[in-house]
Amino acid sequence: MARAIFQPRDLAALALIVASGLMVFGVATRPHPLSATDIPVHTANLKNGKTLYIAGGCISCHAPGPDLKDVSADVPAGGKALKTPIGTLYPPNLTPDPETGLGNWTATDFINAMQKGISPSGEHLIPAFPYTSYAHMKIGDVLDIKAYLETLPPVKNPAKPHDIVLASLMRRGLGLWKYIGFDETPWIADPAKSERWNRGSYLVNGPGHCNECHTPRTIFMTSDNSKKFLGGPHPEGKGTVPSLRSLIERGRYKDEADLVSAFQNGEELGYTRMSSGGMGDVQGNLSKLPDADVKAIAEYVTSLK
Amino acid sequence: MSKVFIGMAGALMALTLGAGLAMAGGDDSITARKACMKANGAGMGVMVPMIKGEKPYDAAAVKTALETMGKACSAWDTFWPDDSMTSTTQKTHASDAIWKDKAGFAAAGMAYYTAEQALSKTTDEAGFKAAFPALGAACGGCHKAFRTAME
C-alpha cells in the first residue's frame, strides 16, 4: 500500500510550524511605541517648525479634500485622495481640532506617529506616510512641527477610512515589514563636510524624505539602500523617477546655482523636469523654504555622485 | 478586361488607403505630439536664457521661437485620440489622466494657449519678462497633472 501523503506525525509537525509562525508573526509585528518619559522637555521654536513643516511637504498629502470648499488649500485639513498601489488613502486632518484633528494629541503621540509609525491607538501606520524618513529627524525638530501645527486654524474634518483590502491584517503585517525594512537610526552629521552640506543632508534625508521616491525599492517594498538616490519605477505606478546622482555631470543642471533656481522657480523658468510625478508639489514646497536651506539642499544633492 | 483592371486597382487603392488610415491612429499621434513638445523645448531653450539674463533680449528670436512652437503644435486637438494612451512601439509619458479628465486637460491646454498668445503680443523686454512665467507655469500645470515622471 502506498504511503499516505500526510501521516499524523507530519500534520503535527505542520501544526507546530504554523503555530510558531503565528507566534513569530505576533511578536515581530507588535508595535513598540515610546512612552511619555522618552520625550525630552523642549521649548518650541515656531519658525523652525514652520520651515520643517514646509520641508516635510506635509501639505502635499494632507491637503483639504474637495468637499472642504471653505478651507484654504494651504491648511492641512486632510481628505484629498492619495492613490497608491495598495489602494486609495485619505490622509488625515493635521489641524488642531480636538475631535477630528491633532488637538488632543500629546507630544508622545506625535513622536510615535512621526518617528515610529504608530498611531495613538497603537496601530502601525501605513508608510505612505514617510515616517521611515522622519525617524531620522532630531526629536526637537519634530516637536517644533507639532508646535507649528498647533498655530493653524482648527478645521472639523473626520478622517475618511482608507480604501484598501484586508486593512487590519495589513496593519499588523506592517510590523513585519518594519522589522525588516525600517531604519530608525538618527541622522548623523559628517564632520568632514561643510555645515551647509550637512544641513542639506539633514533636510534631504530627514524631513524632505526624497529617498522615498528617488531610491528604488526591493521586492519587499523597502528602500534599496544599495541604490540610494538612483531613481527607478515611480512608487505610485506610471513613469520613472530620475536619479539624483551626478545631476551636473549628466547635464541636467549647469551647476549648484542652476539647481537652486530650478527648485525656486520650476517651470516658470522653463525647468521642465520639476513638474511631473509629484515633483511639482515638491518644487512648490521647496520654493517656500528660506534661501539658505534651498542652497544647502542643492549643495548636498549635487554632491551625490 | 479594363473594367476588371480598374476594379482591382480600386481595391488596391482602397486597401492602401485603409492601411494608411489605420496607421494614422495612436502611434502617429504620439509621434506628432512628441514633435510638438520637442519644438516647445527648443523654443524654451531660446527664451529661457533671455529670462535668466544669460543672453540679451532678442525680439525677433522670440517671435521665431513662438511661431515654430505654434506650428509644431497646431494640430494639438488631434494629438490625443483614445487609442494613443499607450503604445507597443513608442514610449509615452502621457498620463491616463488625460483621458479620465478630458475637461481638465482641455482647460490646461487652453491656459497654455492663452499664455502663449499673451507672450507673443509683447514687444519689449519688460513685457516679455512679465509675460513669460505664465507660459512656463502653464507648461508646468499640464505636466504636473497629465505627464508621468520621466528619467
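A residue counts as partly exposed when its relative accessible area lies between the buried limit, under 20%, and the exposed limit, over 50%. In this predicted model, K193(A) has a relative accessibility of 39%, so K193(A) is partly exposed. K193(A) forms a salt bridge with D190(A), with the closest N and O atoms 3.6 Å apart. D190(A) is partly exposed too, at 26%.

Over all chains, the structure holds 19 salt bridges. One of them joins the side chains of R196(A) and E256(A), at 2.6 Å from N to O. This pair links distant parts of the chain. R196(A) lies in helix α8 (residues 195–205) and E256(A) in helix α10 (residues 256–265), 60 residues apart. R196(A) is partly exposed, with a relative accessible area of 35%. E256(A) is partly exposed at 26%.

In chain B, K102(B) and D82(B) form a salt bridge, the closest N and O atoms being 3.2 Å apart. K102(B) lies in helix α5 (residues 102–120), and D82(B) in the loop between α3 and α4, so the pair ties together parts 20 residues apart in sequence. K102(B) is partly exposed at 48%, whereas D82(B) is exposed at 56%. In chain A, a network of salt bridges links D97(A), E99(A) and K156(A).

Helix packing was also examined. α1(A) packs with helix α7 (residues 167–181) of chain A at an angle of about 80°, with the axes 8 Å apart. The two helices are therefore roughly perpendicular. F25(A), G26(A) and A28(A) in α1(A) meet residues of α7(A), including R172(A) and Y179(A).

L14(A) also lies in α1(A), which spans residues 8–28. L14(A) is partly exposed at 44%. Together with L11(A), V18(A) and L22(A), L14(A) makes a nonpolar surface patch of about 380 Å².

Notes:
Residues are numbered from 1 along each chain as its sequence is written. Chains are lettered from A and ligands numbered from 1 in the order in which they are written. This is a predicted model: local features need pLDDT of at least 70, side-chain atom pairs count only at pLDDT 80 or more; totals for chains, interfaces and linings use all residues. Side-chain values use heavy atoms; hydrogens and water are left out. Patches are made of residues with over 30% relative accessible area and no salt bridge: like charges are joined within 9 Å, nonpolar side chains (Val, Leu, Ile, Met, Phe, Trp, Tyr) within 5 Å. Accessible areas come from the Shrake-Rupley method with a 1.4 Å probe; for residues, only the protein chains shown count as cover. A salt bridge is a side-chain nitrogen of Lys or Arg within 4 Å of a carboxyl oxygen of Asp or Glu. Helices (H or I, at least four residues) and strands (E, at least two) are DSSP runs, numbered from the N terminus. Buried means under 20% relative accessible area, exposed over 50%, partly exposed in between (1.4 Å probe, protein chains only). Axes are lines fitted to C-alpha atoms, for helices over the stretch in contact, and angles run from 0 to 180 degrees between N-to-C directions. Angles under 35 degrees count as roughly parallel, over 145 as roughly antiparallel, 65 to 115 as roughly perpendicular and the rest as oblique. Contact means heavy atoms within 4.5 Å.
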